[in-house]
Amino acid sequence: MFTLSSMDMDTTSTRADDGVRTAPRALATEAVHAGRDDLARQGLHAPPIDLSTTYPSYDSRGEAARIDAFATTGAEPDGPPVYGRLGNPTVARFETALARLEGTEAAVAFASGMAALSAVLLVRGSMGLRHVVAVRPLYGCSDHLLTAGLLGSEVTWTDPAGVADALRPDTGLVIVESPANPTLAEVDMRAVAHACGSVPLLVDNTFATPVLQRPAEHGARLVLHSATKYLGGHGDVLAGVVACDEEFAGRLRQVRFATGGVLHPLAGYLLLRGLSTLPVRVRAASATAAELAHRLAADPRVARVHYPRIGGAMVAFEVYDDPHEVIAGVRLITPAVSLGSVDTLIQHPASISHRIVDADDRKRAGVSDRLLRMSVGLEDVEDLWSDLDQALGRPDRGAGNCATGRSEPAPAH
Ligand SMILES: Cc1ncc(COP(=O)(O)O)c(C=O)c1O
């Protein structure tokens with residue numbers, strides 16, 4: 001329950017959580033209203049975009065106090081943020097909204113998903129906790145960041161059952177993706193969170209979004225998104241965000257301030273707008289994806305279909321024939337890396353999203369060279385199927401009705 005302490009709201013405060021709430025609200029309602037609760041009382045409908053890089057003040061004693069407070073706790077500045085790297089009111093609206101959707105106290109936005117992951121690693125590394133336990137597969141560049149130790153971290157790769165044994169006294173983080181990129185493998189988050197003990201579990205929730213699962217409810221302390229994907233939803237924003245408790249958020253804001261991976265306010269505006277249609281987009285695309293997964297599973301040209309138990313708009317499938325020919329053959333579907341846009345995208349992970357991962361590691365993680373990953377958009381299912389059907393080539397080019405290696409998708413959600 002939230003109450004408003006004053007009707008006089010400081011429009012330059014980075015805080016966007018100024019609304020009066022009298023009852024718990026459903027996800028669809030939060031998606032439309034969270035981060036915007038103060039607008040009507042300001043006589044506004046669309047959220048203002050604050051492009052300021054600096055915030056003038058004749059009170060430099062007050063500014064010094066705000067900087068000291070930020071350096072101590074990393075809490076959002078009380079009043080104007082002083083400088084754009086400390087915070088931004090438009091970005092804060094998106095952060096407030098995403099935290100509500102994920103059911104966490106706070107969220108901290110970054111210039112990209114990789115900037116968000118980097119900030120988490122820097123927070124833990126700065127505490128002397130450089131060791132990371134991670135479950136493959138992860139998005140290729142997340143894998144690379146950990147494997148190469150670019151930020152001074154050291155990684156132990158394991159499967160979900162091996163997490164407890166992989167922990168060390170200097171383990172600062174456990175990382176999983178569920179469903180994972182690109183195989184859509186799912187982990188039992190509650191079991192992994194239990195195995196983590198006091199070590200924070202980070203779940204990359206990019207593929208599922210809070211519409212399908214809220215990892216914080218299953219014990220994740222950190223929920224990461226490449227907001228570039230479903231949260232933005234239209235392929236025109238590069239962004240990342242971490243939803244977490246206020247204590248961790250403070251540390252993330254301090255790292256963001258010191259290292260500069262801030263989100264541009266226009267991106268914050270577009271993400272807030274994207275969130276308002278997130279539930280509708282995810283549910284519509286998921287229904288289409290489930291149908292395509294069923295059809296692919298029954299197709300003799302397809303060796304195996306990967307589709308998550310929780311559903312979602314991502315489908316991965318292995319073809320008997322050359323996967324490059326399928327990419328070359330699509331006409332409606334967009335042949336591009338990334339995901340979560342309104343249009344359907346297809347890519348070949350071994351060539352693009354996971355190219356940077358060592359080929360043997362990739363294979364051990366279940367990323368076959370014949371795997372294609374498709375992000376299903378909002379087009380009509382028959383148009384998509386017709387494009388896939390022609391891109392897969394002649395029906396007699398597959399392995400006939402051989403059932404070996406084919407996994408049936410879960411029932412539609
Ligand atoms: C699951 C997942 N996490 C993180 C990232 C990195 O996000 P960004 O590209 O916004 O830096 C990606 C990018 O594809 C991703 O798929």
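Q: In this predicted model, does Thr 209 count as buried or exposed?
A: Thr 209 lies in helix α8, residues 209–212. The cut-off for burial is 20 or more other C-beta atoms within 10 Å. Thr 209 has 25 C-beta neighbours inside 10 Å, so the residue counts as buried.

Q: What is the phi of Thr 209?
A: Most residues other than glycine have a negative phi. Thr 209 is not a glycine, yet its phi is positive, at about 65°.

Q: Which loop holds Val 82?
A: Val 82 is not a glycine but has a positive phi of about 75°. It counts as buried because it has 20 C-beta neighbours inside 10 Å. Its place is in the loop between α2 (60–73) and α3 (89–102).

Q: What is omega for the peptide bond from Ser 178 to Pro 179?
A: Most peptide bonds are trans. Pro 179 is found in the loop between β4 (171–177) and α7 (189–196). The bond from Ser 178 to Pro 179 is cis, with omega near -10°.

Q: Which residue does a cis peptide bond join to Asn 181?
A: The loop between β4 and α7 contains Pro 182. With omega about 5°, the cis bond joins Asn 181 to Pro 182.

Q: How many charged residues are in the shell around the ligand?
A: There are 13 residues around the ligand, and Ser 112, Gly 113, Tyr 139, Ser 226 and Thr 228 come nearest. By class, the shell has three nonpolar and eight polar residues, and the charged ones number two.

Notes: Residues are numbered from 1 along each chain as its sequence is written. This is a predicted model: local features need pLDDT of at least 70, side-chain atom pairs count only at pLDDT 80 or more; totals for chains, interfaces and linings use all residues. A residue is near a molecule or strand if its C-beta atom, placed from the backbone, lies within 6 Å of it. Ala, Val, Leu, Ile, Met, Phe, Trp, Tyr, Cys and Pro count as nonpolar, Asp, Glu, Lys and Arg as charged, and the others, Gly among them, as polar. Helices (H or I, at least four residues) and strands (E, at least two) are DSSP runs, numbered from the N terminus. A residue is buried if 20 or more other C-beta atoms lie within 10 Å of its own, exposed if 12 or fewer, and partly exposed in between; C-beta atoms are placed from the backbone.
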